[in-house]
Amino acid sequence: MTCRCCLSANWASPCCDGSMTWASPRTTSRPCDRERRYWIKSWPAKRGQPLALGLIALELARGLEIPMVGVNFPGHFLLKVPGADHLLDPCGGRRLYPNDCRELLQRQYGANMSLKAEHLVNAEPTQILQRLSRNLRQLHLANDDYIAALIDAERVLELGNASAADYLARASLYQRLDCPNAERFDLEHALMLSEDPIQRIRLTERLGHLPPNSVVH
C-alpha cells in the first residue's frame with residue numbers, strides 16, 4: 001500500500017517507492033495563528049512572531065538604505081546595524097545590550113545558558129529562510145497538518161547544512177504518515193550527523209524497530 005506522504009506531498013521527496021508525487025497541501029485548522037508567522041500578513045495585524053516582524057523591518061530598512069542585518073539569536077530573532085553597540089528587538093524596537101541579551105537567553109533556556117559570540121552572528125538569507133521554515137514546520141505540526149509540516153521540513157533540508165535535529169524532525173513526520181522507508185532514510189542521516197552518544201544509541205534502537213526496506217509497486 002502506498003504511504004500517505006506519497007499520496008499527499010506536493011514536492012519531490014524520498015517516498016517509500018522512490019517515486020515523485022505532487023499534490024496540494026491541506027490548510028491548517030487555526031489560520032489565525034499561522035498568519036502571525038506569514039510576514040506579509042503581520043503588518044496589517046500589527047503583531048507577529050519575532051522573525052516575521054524582523055523580515056518586515058529588514059525590508060523597510062533596505063528601502064530606506066539603512067544597513068540593517070538579522071541576527072540568528074537562539075529562540076528570538078534580533079536585528080542590528082553594523083557598528084552599533086547594541087542589538088534591536090523587532091518586537092517593539094527595544095535596544096539590547098550584552099546584559100540584556102544574556103537575560104533574554106537565560107529567560108528562554110535557563111540560568112545555566114551562557115551568552116556566546118556565535119549567538120550574535122549575522123544571519124545569512126539562507127539561514128533566515130531555514131529558520132522561518134522551521135518555525136512553520138512546528139506550527140503546522142502543532143495543528144496536526146503533517147503534510148504542510150513536511151513541506152517546510154523538506155525546504156529546510158534542501159537549503160543545505162541541515163542538522164541531525166532537522167532530519168529527525170522530518171523522520172518523525174514520515175512516521176506519522178506511515179512512510180517507514182523514508183523515515184529510515186532520515187534516521188540514518190541523523191545518526192551520521194549526531195555527536196550525542198545517547199542520541200546515537202536511541203537512533204540505532206529506533207532503526208532496529210523499523211520494518212526492512214521494501215519497494216511499493
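The questions and answers below walk through salt bridges, helices and loop residues in this predicted model.

Q: How many salt bridges does a search of the whole structure find?
A: Side chains of opposite charge can pair when their charged atoms come close. In this model the pairs counted have a side-chain nitrogen of Lys or Arg within 4 Å of a carboxyl oxygen of Asp or Glu. A search of the whole structure with this criterion gives a total of 8 salt bridges.

Q: In which helix do Glu103 and Arg107 both lie?
A: Glu103 and Arg107 form a salt bridge, and their closest N and O atoms are 3.6 Å apart. An α-helix has 3.6 residues a turn, so residues three or four places apart point the same way. Glu103 and Arg107 are 4 residues apart, about one turn of the helix, and the element that holds both is helix H5, residues 98–109.

Q: Which two helices hold Arg170 and Asp186?
A: The side chains of Arg170 and Asp186 meet in a salt bridge, with 2.6 Å from N to O. The two residues are 16 residues apart in sequence, so the pair ties together separate parts of the chain, namely helix H8 (residues 164–176) for Arg170 and helix H9 (residues 180–193) for Asp186.

Q: Is Glu183 buried or exposed?
A: Arg206, its partner in the salt bridge, has a relative accessible area of 21% and is therefore partly exposed. Glu183 has a relative accessibility of 4%, which means that Glu183 counts as buried.

Q: How far apart are the end C-alpha atoms of helix H4?
A: Helix H4 covers residues 50–63, which makes 14 residues, and at 1.5 Å a residue the helix should span 20 Å. The model agrees with this expectation, because the distance between the end C-alpha atoms of H4 is 20 Å.

Q: Which residue has a side-chain oxygen that reaches the backbone nitrogen of Leu51?
A: The contact is found at the start of H4, where an oxygen lies within 2.9 Å of the backbone nitrogen of Leu51. That oxygen belongs to the side chain of Gln49.

Q: At what angle do H4 and helix H6 pack?
A: Two packed helices are described by the angle between their axes and the distance between the axes. H4 passes H6, residues 125–142, in a left-handed crossing, and Leu51, Leu55 and Leu58 in H4 meet Ile128, Arg131, Leu132 and Asn135 in H6. Leu51, Leu55 and Leu58 are also among the buried residues of H4. The axes of H4 and H6 are 11 Å apart, and the angle at which the two helices pack is about 150°.

Q: Which residues does Pro67 touch, not counting residues up to four places away in sequence?
A: Pro67 lies in the loop between H4 and strand E1, and with 51% relative accessibility it counts as exposed. The C-alpha atoms of Pro67 and Pro82 are separated by 6.9 Å, although these residues are 15 residues apart along the chain. The residues that Pro67 touches are Lys80, Val81 and Pro82.

Q: What is the phi of Asn161?
A: Most residues other than glycine have a negative phi, and most peptide bonds are trans. Asn161 lies in the loop between helix H7 and H8, where it is exposed at 81% relative accessibility. Asn161 is not a glycine, and yet its phi is positive, at about 55°.

Key. Residues are numbered from 1 along each chain as its sequence is written. This is a predicted model: local features need pLDDT of at least 70, side-chain atom pairs count only at pLDDT 80 or more; totals for chains, interfaces and linings use all residues. Side-chain values use heavy atoms; hydrogens and water are left out. Buried means under 20% relative accessible area, exposed over 50%, partly exposed in between (1.4 Å probe, protein chains only). The expected span of a helix is 1.5 Å times one less than its number of residues. A polar contact is a pair of N or O atoms within 3.5 Å; within protein, one must be able to donate a hydrogen and the other to accept it, and residues adjacent in sequence count only if both atoms are side-chain atoms. Axes are lines fitted to C-alpha atoms, for helices over the stretch in contact, and angles run from 0 to 180 degrees between N-to-C directions. A crossing is left-handed if the near helix is turned anticlockwise from the far one by less than a right angle, and right-handed if clockwise. Contact means heavy atoms within 4.5 Å.
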